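Have a look at the model first, then read on.

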Amino acid sequence: MKKTIFIALLAITAISLDSCKKYPDGPSISFRSRAERVANTWKVESCTRNGSDVTSSFNNINYTETYTKDGNYSYNTSVGGGSGKWAFENSDKQIKRNGVSGQSSEDLTILKLKECQFWFSYVDGGDTYVFHMLPK
């Protein structure tokens, strides 16, 4: 009897945690704030444009993105870089980057946000990019 009750409570807890997920790919629960998880210097693990792999285009120029907890953003490459501001929007499901030198404003849709993984997508013109980023 106690074993059945324990299994039922465990199943209810698992279902409850899964429904708390903010992003499609997780995490279900985190003890760090979203801003703390974003704040890092990130390098490209993989990138697709309209489903085609374009990772090498970013790795060839040593592309990185840096976010700080106070809302500053920068990107760097072996051929230059830029900076601007970032902020959460749409109930923290998106990040708006604006004022970035050399780039227009962008709305990133967060797919996964962990301390060691940051996945997002955005649309530029008619192209959809999906980035999987790792800490540098």
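Trp86 is buried, since its relative accessible area is 7% (buried means under 20% relative accessible area, exposed over 50%, and partly exposed in between, using a 1.4 Å probe and protein chains only). Phe88, at 23%, is partly exposed.

This is a predicted model, where local features need pLDDT of at least 70, side-chain atom pairs count only at pLDDT 80 or more, and totals for chains, interfaces and linings use all residues. Residues are numbered from 1 along each chain as its sequence is written, and side-chain values use heavy atoms, with hydrogens and water left out.

## Rings that pair up

How do you describe two rings together? A pair of aromatic rings is described by the distance of the centres and the angle of the planes. Rings of Phe, Tyr and Trp (its six-membered ring) pair if their centres lie within 6.5 Å; planes under 30 degrees apart count as stacked, over 60 as edge-to-face and the rest as tilted. That rule gives 13 aromatic pairs here.

One of them is Trp42 with Phe118, a tilted pair with 5.6 Å from centre to centre and 55° between the planes. This pair links distant parts of the chain: Trp42 sits in strand S1 (residues 40-49) and Phe118 in strand S8 (residues 117-124), 76 residues apart. Strands are DSSP runs of E, at least two residues long, numbered from the N terminus. Both Trp42 and Phe118 are buried. Back to Trp86 and Phe88: their ring centres are 5.1 Å apart and their planes meet at 85°, so this pair is edge-to-face.

## Strands side by side

Two strands pair if DSSP finds at least two bridges between them. Strands S6 (residues 94-98) and S7 (residues 106-114) run antiparallel and share four bridges. S7 and S8 are antiparallel too, with five bridges, and they make a hairpin with two residues between them. Thr109 has Ser121 opposite it in S8.

## Zooming in on Gln94

Is Gln94 buried or exposed? With a relative accessibility of 18%, Gln94 counts as buried. Gln94 belongs to strand S6, and its bridge partner in S7 is Thr109.
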